[in-house]
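These are my notes from a first reading, kept in the order in which I looked things up.

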Amino acid sequence: MIKIAIIGAGFSGTMIGVHLIKMANVPIEIKLINETDALNTGIAYNPYSKKVLLNVVSSRMSAFASDPDHFLNWLMLQDHFRDKDRTLIANSFLPRCLYGEYLKDIWKDALIQAEGKKIQVDVINSSVKDLTLLNDSIDLELKDKSRLSANYAIIASGNHLPGNPKIKSSFFSRSAKYFQNPWDIRSVSGINSKEPVLIIGNGLTMVDTVIGLLENGFQGKIVSISPNGFNILPHRHNGLSYTKLVEEIGEKTSLFELVKLFNKHMKLIREYGLSAEPLIDSLRPLTQTIWKRLTIDEKRIFMTRLRHLWGVARHRIPLHIHDKLQQLRIEGRLHIVSGKLLDIIENEDNIMAMYYDKKEKQTVQLAVSRVINCTGPETDLLKLDDNYLKKALLQGILSQDELKLGINADPDTFEALDSSGHIQSGLYVMGSNLKGLLWESTAVSELRVQAEKIAGDIRGKIIRGA
Ligand SMILES: Cc1cc2nc3c(=O)[nH]c(=O)nc-3n(C[C@H](O)[C@H](O)[C@H](O)COP(=O)(O)OP(=O)(O)OC[C@H]3O[C@@H](n4cnc5c(N)ncnc54)[C@H](O)[C@@H]3O)c2cc1C
């Protein structure tokens, strides 16, 4: 019997499993291994709060690329939405936990299909600690030291925790008042102090954390620090579909020319009182292609000079959440600082954070009650503490891309490349670990394509007996 191991059961692992079951026409055995109890949902769709929302409208969140209305159709069958206006729901930002329910339903249906096809599916609640390649199999060691062997394996273990801040007192990362995992409810709950909370980072996770703090009754001031302190932007798309920019992008367009073109079109549409959003949205379907065409030097320039700007323009939030943040800023409860965190020292009854405030051009000392790390997932696998991917990298089974954004993989099949650049046949990488290869490899719109492609590739190999 062909055995397929899927490491991780968030969106990626779940959807790989779903497609494998759908496509299978010979008996297969699927082992879906997930270290947490967030089966089918992963971090994103098992949030601690019902108030945190998807940052993409419902009509663009189908789990299946070939059935774009799948999520919307599912929603309209739910009691709560049955009598609601479909167009309104299609354009709404709904709770992320609802999307988790959707994924669980898809998985439940897949399991019924598997039973009918006599496909054995085992869900294993454990973590993979080691990955070894033998002559004709991929061997996984689990937390309890038990081993399982598979013909094919998919690395779908998703996002890693943010890296600890680079400050003078690095041992602060061991403090009980420091929260490295911003997706854990403990980061926002149980605060008895009114002293400010310091959030490191100023992106979408910061927004969720602010909402989580308020929901958990925190009444003090929240300070967020990031190198640029950019304002997070709201979705305010007026429906304009702007194609003029992408029409001018050719196969040989350099990064420099691309930026020039972008600025030209931004000036043009701003003259008509429009925002740059339609420009960003028109680029989204092309980002992977553009990224793959850039030279390594251009990628480096993008990472140092443009990444944050792109991040702000691309990661927008629903308008009413944006209004809430603005209100908090007006009330003086949310302070967004552009600066550099220098040190954090824990005293007996508080924590002293020191940072350089770029706007005020001075070093500031701030007593805070806790520090929450919202800097985004660590991508350099070698910086992780104890992780099967780090071990595999050190053994040369896997390799990192030059920018240390993820794992090297074959651009056509997403099979991993070893340290000599050879394809590790049958060992696939999916999701955020493909960032070095594709840059945009995070959102559902990208992951749903990868899941189907990888499952199709495995199916092809099984048929060919490869
Ligand atoms: C807070 C947040 C909000 C988001 N909102 C949106 C949105 O609105 N729209 C959108 O399109 N995208 C959104 N995204 C992007 C999101 O990353 C993807 O949509 C998707 O959830 C990623 O799924 P994944 O399965 O690749 O990774 P994850 O969700 O991280 O799942 C990986 C799973 O693997 C498990 N795992 C990890 N290591 C091991 C191991 N060694 N052994 C076994 N199991 C392991 C983890 O426990 C986890 O369950 C959001 C992301 C985040 C973090």
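I began with Glu446, which lies in helix α14; helices (H or I, at least four residues) and strands (E, at least two) are DSSP runs, numbered from the N terminus. I noted before going further that this is a predicted model, in which local features need pLDDT of at least 70 and side-chain atom pairs count only at pLDDT 80 or more, while totals for chains, interfaces and linings use all residues. Residues are numbered from 1 along each chain as its sequence is written, and side-chain values use heavy atoms, with hydrogens and water left out.

Is Glu446 buried or exposed? I found that Glu446 is buried, since its relative accessible area is 9%; buried means under 20% relative accessible area, exposed over 50%, and partly exposed in between (1.4 Å probe, protein chains only). A polar atom of the Glu446 side chain lies 2.9 Å from the backbone nitrogen of Thr442, and I count this under the rule that a polar contact is a pair of N or O atoms within 3.5 Å, where within protein one must be able to donate a hydrogen and the other to accept it, and residues adjacent in sequence count only if both atoms are side-chain atoms. Apart from neighbours within four places in sequence, Glu446 is in contact (heavy atoms within 4.5 Å) with Arg284, Gln288, Glu440 and Ser441.

**The ligand**

A polar backbone atom of Glu35 is 3.1 Å from a nitrogen atom of the ligand, a backbone N or O atom of Val128 lies 2.9 Å from a nitrogen atom of the ligand, and a backbone N or O atom of Asn159 lies 3.3 Å from an oxygen atom of the ligand. On its own the ligand has 990 Å² of accessible area, of which the protein covers 91%; accessible areas come from the Shrake-Rupley method with a 1.4 Å probe, and for residues only the protein chains shown count as cover.

**Asn125**

I next followed Asn125, which lies in strand β3 (residues 120–125) and counts as exposed because its relative accessibility is 56%. Not counting residues up to four places away in sequence, Asn125 touches Asn34, Glu35 and Thr36. How many residues separate Asn125 and Glu35 in sequence? They are 90 residues apart in sequence, yet 5.5 Å apart in space, C-alpha to C-alpha. The side chain of Asn125 reaches the backbone oxygen of Asn34 at 3.0 Å, and a polar atom of that side chain lies 3.2 Å from the backbone oxygen of Thr36.

**Helix α5**

Helix α5 (residues 204–215) has 12 residues and reaches 17 Å from its first C-alpha to its last, close to the 16 Å expected at 1.5 Å a residue, the expected span being 1.5 Å times one less than the number of residues. Nine of the 12 residues of α5 are buried, so the helix is largely enclosed by the rest of the structure. Among the buried ones I listed Thr205, Met206, Asp208 and Leu213, and what covers the buried residues includes α4 (96–116), β9 (197–200) and β14 (370–373). Just after α5, Gly217 takes a positive phi of about 85°.

**Two residues with positive phi**

Lys404 has a positive phi of about 55° although it is not a glycine, and Lys404 is partly exposed, with a relative accessible area of 37%. Phe414 is found in the loop between α12 and β15, and its phi is near 65°, a positive value in a residue other than glycine. Phe414 is buried, with a relative accessible area of 5%.
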